[in-house]
Amino acid sequence: MLPQQKFIASSPAGDVAAPTGADLYARFALAGAVCCSITHGAMTPVDVVKTRIQLSPEVYNKGMISGFRQVVAAEGAGALLTGFGPTAAGYFLQGAFKFGGYEFWKKTFIDAVGVEQARENRTAIYLGSSAIAEFFADVALCPLEATRIRLVSQPDFASGLLSGFTKIAKEEGVIKGFYSGFGPILFKQVPYTMAKFVVYELAAEKIIHQIGIPKDELAPSTLTQVNLGAGIIAGTAAAIISQPADTLLSKINKQKGVEGQSITSRLIGMAGQLGARGLFLGLGPRIVMVATLTAGQFAIYGDIKRVLGATGGVEIAK
């Protein structure tokens, strides 16, 4: 086995001991929480238009730019920030579990099989780590995502995050109100996150290989550019893979289900009604949104990790 320092990025803190254990993963989680909250919050206007296209294609049927104009003309510019509260809060929690969990499970798998074996099977390591991390992230995200979609699809439902969250809990209960979309959110987010991380890792590996300088010798500004480029590629792939489930998630959270109707039957019925074309409604705006926020996430995540000294993750890229 090669010396460990070949795979561990050094801390920028100089002689200060680098964080390890729970302290290290808490920093990973904080960096992930901040990057996801900032990027998803900033993309709220695009997400509003994308959701409207999915839910009301008979009205919003002229593309993203026209969708922005329609929303502003009908409801005012403020409508583009509908759902900002639950978006920022939900993705703060989700980002902590997603990025912190990914780093934790990746290290766990690497320790289990060894660095050399993990390197040869790195795609499987990336896929498994991201899938497990995303499952727990979705448990935290689902209630706030349900609230966001309800606010966007029914602007008069509530005045904001707290009132909307409380109203759903009171009228529909925790399971039915907040977790009706848990199946489709898993169906959307788990493949999305798996594609996001594996494509990012492999794209970054290829980009660094083309640069011809080892990752731990690259300047911070160059690393940020690598993260942005790999993030755009990863976000585009992830958006396409997860689009059908994203459409179903928007539909199932738009309104209450019929009494006694199961979530599975609702999903099957919706998918049948929409067809292949309907399931990909809003794909253009979503690619713009996801590619942009994914690039931003990895760039911000890398920068915050450096600031926090959380550079002790194990690297298994060739």
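**Helices, contacts and cysteines in a predicted model**

Helix α4 (residues 84-113) has 30 residues, which should span 44 Å at 1.5 Å a residue; its end C-alpha atoms lie 42 Å apart, and this agrees. The expected span is 1.5 Å times one less than the number of residues in the helix. Helices here are DSSP runs of H or I with at least four residues, numbered from the N terminus. Just after α4, G114 takes a positive phi of about 95 degrees.

The model is predicted: local features need pLDDT of at least 70, side-chain atom pairs count only at pLDDT 80 or more, and totals for chains, interfaces and linings use all residues. Residues are numbered from 1 along each chain as its sequence is written, and side-chain values use heavy atoms, with hydrogens and water left out. The predictor's confidence in each residue is its pLDDT, on a scale from 0 to 100. The average for the protein is 86, and 92% of the residues score at least 70. Over residues 1-15, however, the pLDDT is below 50. In the model, this stretch has 22 contacts beyond near neighbours in sequence. Contact means heavy atoms within 4.5 Å.

A straight helix of its 32 residues would reach 46 Å at 1.5 Å a residue, but the end C-alpha atoms of α6 are only 41 Å apart. The helix bends by about 45 degrees at L141. A proline, P143, follows within four residues. The bend is the angle between two fitted axes, one for the seven residues ending at a residue and one for the seven starting there. Helix α6 is also mostly covered, with 24 of its 32 residues buried. Buried means under 20% relative accessible area, exposed means over 50%, and partly exposed lies in between (1.4 Å probe, protein chains only).

E134 is one of the residues in helix α6. Its relative accessibility is 0%, so E134 counts as buried. The side chain of E134 makes a polar contact with the side chain of Q189, at 3.4 Å. A polar contact is a pair of N or O atoms within 3.5 Å; within protein, one must be able to donate a hydrogen and the other to accept it, and residues adjacent in sequence count only if both atoms are side-chain atoms. Leaving aside residues up to four places away in sequence, E134 touches Q94, K98, Q189, V190 and T193.

Q189 is buried, because its relative accessible area is 3%. Beyond residues up to four places away in sequence, Q189 touches Y91, Q94, K98, E134 and D138.

The structure holds 0 disulfides. A disulfide is a pair of cysteine sulfur atoms within 2.5 Å. C36 is in no disulfide, and the nearest cysteine sulfur, that of C35, is 4.1 Å away. C36 has a relative accessible area of 0% and is therefore buried. C142 is in no disulfide either; the nearest cysteine sulfur, that of C36, is 16 Å away. With 3% relative accessibility, C142 counts as buried.

P57 lies in the loop between α2 (44-55) and α3 (64-75). Its relative accessible area is 27%, so P57 is partly exposed. P57 and A276 are 219 residues apart along the chain, and their C-alpha atoms are separated by 14 Å. P57 touches R52 and L281, not counting residues up to four places away in sequence.

D303 lies in helix α12 (residues 283-308) and counts as partly exposed at 28% relative accessibility. From C-alpha to C-alpha, D303 and A31 are 8.6 Å apart in space, but 272 residues apart in sequence. E315 lies in the segment after α12. At 26% relative accessibility, E315 counts as partly exposed. The side chain of E315 makes a polar contact with the side chain of K215, at 2.8 Å.

A271 lies in helix α11 (residues 263-279). A271 is partly exposed, with a relative accessible area of 26%. A271 and L248 are 23 residues apart in sequence; their C-alpha atoms are 7.3 Å apart in space. A271 touches L248 and L279, not counting residues up to four places away in sequence.

Technical notes: Helix = DSSP H or I, 4+ residues; strand = E, 2+ residues; numbered from the N terminus.
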